[in-house]
Number of protein chains: 2
Amino acid sequence: MIIGVVQMACSGNSDENLAGAVGKVEEAANNGAQIICLPELFRSQYFCQKEDAALFDLSESVPGPSTKVLSQIAITHGVTILASVFERRTAGVYHNSLAVLDERGEIAGLYRKMHIPDDPAYYEKFYFTPGDLGFQAIKTPHAIVGPLICWDQWYPEAARMTSLQGAEILFYPTAIGWHPKEKSEEGQAQREAWMTIQRSHAIANGVFVVAVNRVGHEAPAGGDGLEFWGSSFVCDPFGVVLAQASVDQEETLLVDIDLKRIEEVRRNWPFLRDRRIDAYEGMTKRFLDDEV
Amino acid sequence: MIIGVVQMACSGNSDENLAGAVGKVEEAANNGAQIICLPELFRSQYFCQKEDAALFDLSESVPGPSTKVLSQIAITHGVTILASVFERRTAGVYHNSLAVLDERGEIAGLYRKMHIPDDPAYYEKFYFTPGDLGFQAIKTPHAIVGPLICWDQWYPEAARMTSLQGAEILFYPTAIGWHPKEKSEEGQAQREAWMTIQRSHAIANGVFVVAVNRVGHEAPAGGDGLEFWGSSFVCDPFGVVLAQASVDQEETLLVDIDLKRIEEVRRNWPFLRDRRIDAYEGMTKRFLDDEV
């Protein structure tokens with residue numbers, strides 16, 4: 001089966017971004033992709049660079065305008081689409097969500113980002129209520145997909161909980177980039193850490209991992225902004241990178257994967273067999289102060 | 001502070017291996033190392049390539065001959081030594097253990113390998129009772145060390161549980177190698193996966209990671225044996241590899257690390273802040289069949 005990974009740049013024009021996304025999804029479908037993933041919050045520039053209550057205007061319901069348009073594309077082309085949405089659930093409750101749209105045009109599953117960052121230029125705790133739907137594995141015609149979003153990628157627990165529900169492919173739509181001032185000194189280590197930890201989730205769990213980032217330099221007035229580092233990639237259940245996009249160009253990866261590889265890797269590296277589930281209770285604690 | 005990483009080959013002569021280890025530890029101490037780690041089961045060749053009850057003769061008590069000799073070295077040089085021991089606890093109960101010997105010559109902590117593999121040529125479930133002392137962080141004069149062993153390195157839970165107790169440096173004494181027949185096709189991916197997942201533990205937890213492997217081709221009569229791939233390394237709390245040994249030579253890495261780097265990395269990448277401890281209960285389950 002073929003995964004379509006849409007690495008795109010996002011403008012300040014929401015309709016233009018949706019139209020661009022639709023065009024890229026259709027092109028990927030025409031080229032054989034069966035499950036297609038868009039980047040995190042592709043309908044806008046990454047607005048979390050500042051805290052501004054007016055920007056909640058960018059949110060929409062689920063189902064809503066974005067999922068309706070993309071569901072139609074899913075039906076027309078018979079594909080599954082993973083669509084990131086800035087979800088307005090009610091006044092004052094907004095989520096960073098990922099809708100899995102199946103080939104019947106239905107919402108096969110909705111995931112709400114569980115781990116919310118808050119760091120300079122990534123002020124997400126202001127905008128997004130932490131997800132309350134838990135980690136999920138969602139059956140689609142082509143694979144059981146594990147929807148996760150950006151900051152989730154740094155948490156082995158998120159990958160594990162999703163994989164233990166049977167997910168075969170973890171998807172991480174993402175908006176991550178360099179602070180221009182840090183790029184020369186820290187940039188390489190940051191991008192490398194981002195790849196390393198996501199590949200490790202593939203290895204630990206014996207699943208495919210798909211990371212889908214945006215590209216472009218988005219600088220709000222007066223700020224240095226963020227240089228999104230692209231580098232979208234797909235790796236196999238042993239962490240082998242099958243394909244990777246550039247750091248600064250829009251491009252769509254079409255990656256042929258064989259889900260049977262999961263069984264093969266897990267038979268030879270049977271990590272799930274030996275988990276010490278009797279000894280992991282502390283995982284649900286913030287810090288184990290009493291133990292040291 | 002300086003970490004000493006002793007990558008060595010092991011012969012069939014137990015006394016020779018101990019003498020060799022002592023020499024290398026003393027040399028590392030003389031060169032400034034303050035915490036020194038030996039490879040897994042360094043007193044023998046990797047006997048788990050076959051199941052033979054007579055090989056339990058290789059086991060010893062803790063405290064016992066190995067820890068006594070190395071404790072004396074720890075006192076003489078004022079260093080901490082992490083010494084892997086095939087521990088005989090009683091008839092029929094043997095562990096793959098790691099003793100942390102402090103500069104007073106005392107056993108500051110004892111860890112018993114929690115995750116036990118069993119795969120062709122790694123028949124450890126025959127020899128080792130799974131550890132019953134849990135994951136630990138052990139205070140030593142120079143750092144809080146997290147003792148873990150080989151197969152543990154594939155488990156994010158082990159790294160997390162150890163780090164949540166305050167460990168600053170995770171140590172993974174190891175005996176891992178290539179099946180000669182697989183090496184040309186799979187060897188690179190295997191060694192790469194092994195590095196990737198250990199580096200990911202550093203990143204996820206903001207801790208240093210030290211992996212200490214053996215070298216050499218050990219082939220029991222009539223078998224292809226295993227080619228241990230060395231590659232011992234130290235990485236920083238963002239997964240940056242600070243030093244790495246070769247795949248086939250004995251060598252001792254002396255790696256200068258600054259524990260203040262932990263605070264620096266964790267402030268800028270505050271993963272521990274955002275863990276969704278309300279949603280990790282499933283981590284203590286084998287598989288979440290009911291959820292899909």
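How many aromatic pairs does the count give over all chains? In this predicted model, the count comes to 50 aromatic pairs over all chains.

**View 1. Aromatic pair A:W194 and A:F233.** The ring centres of A:W194 and A:F233 are 5.7 Å apart and their planes stand at 85 degrees, so this pair is edge-to-face. A:W194 belongs to helix α5 (residues 180–205) of chain A, and A:F233 to strand β13 (residues 233–235) of chain A. The pair links distant parts of the chain, 39 residues apart. A:W194 is buried, at 0% relative accessibility. A:F233 is also buried, with a relative accessible area of 0%.

**View 2. Aromatic pair B:Y46 and B:Y122.** The pair is tilted, with 5.5 Å centre to centre and 55 degrees between the planes. B:Y46 lies in the loop between β2 (35–37) and α2 (65–77) of chain B, while B:Y122 lies in the loop between β5 (107–112) and α3 (124–127) of chain B, so the pair ties together parts that are 76 residues apart in sequence. B:Y46 counts as buried at 3% relative accessibility; B:Y122, at 12%, counts as buried too.

**View 3. Aromatic cluster in chain A.** Ring pairs join A:F47, A:F56, A:F86, A:Y94, A:F126, A:Y127 and A:F128 into a cluster.

**View 4. Arginine over a phenylalanine ring in chains A and B.** In chain A, the ring of A:F228 has the charged end of A:R214 over it, 5.4 Å from the ring centre. In chain B, the charged end of B:R214 sits over the ring of B:F228, 5.4 Å from its centre.

Key: Residues are numbered from 1 along each chain as its sequence is written. Chains are lettered from A and ligands numbered from 1 in the order in which they are written. This is a predicted model: local features need pLDDT of at least 70, side-chain atom pairs count only at pLDDT 80 or more; totals for chains, interfaces and linings use all residues. Side-chain values use heavy atoms; hydrogens and water are left out. Rings of Phe, Tyr and Trp (its six-membered ring) pair if their centres lie within 6.5 Å; planes under 30 degrees apart count as stacked, over 60 as edge-to-face and the rest as tilted. Helices (H or I, at least four residues) and strands (E, at least two) are DSSP runs, numbered from the N terminus. Buried means under 20% relative accessible area, exposed over 50%, partly exposed in between (1.4 Å probe, protein chains only). A charge sits over a ring if NZ of Lys or CZ of Arg is within 6 Å of the ring centre and within 35 degrees of the ring normal.
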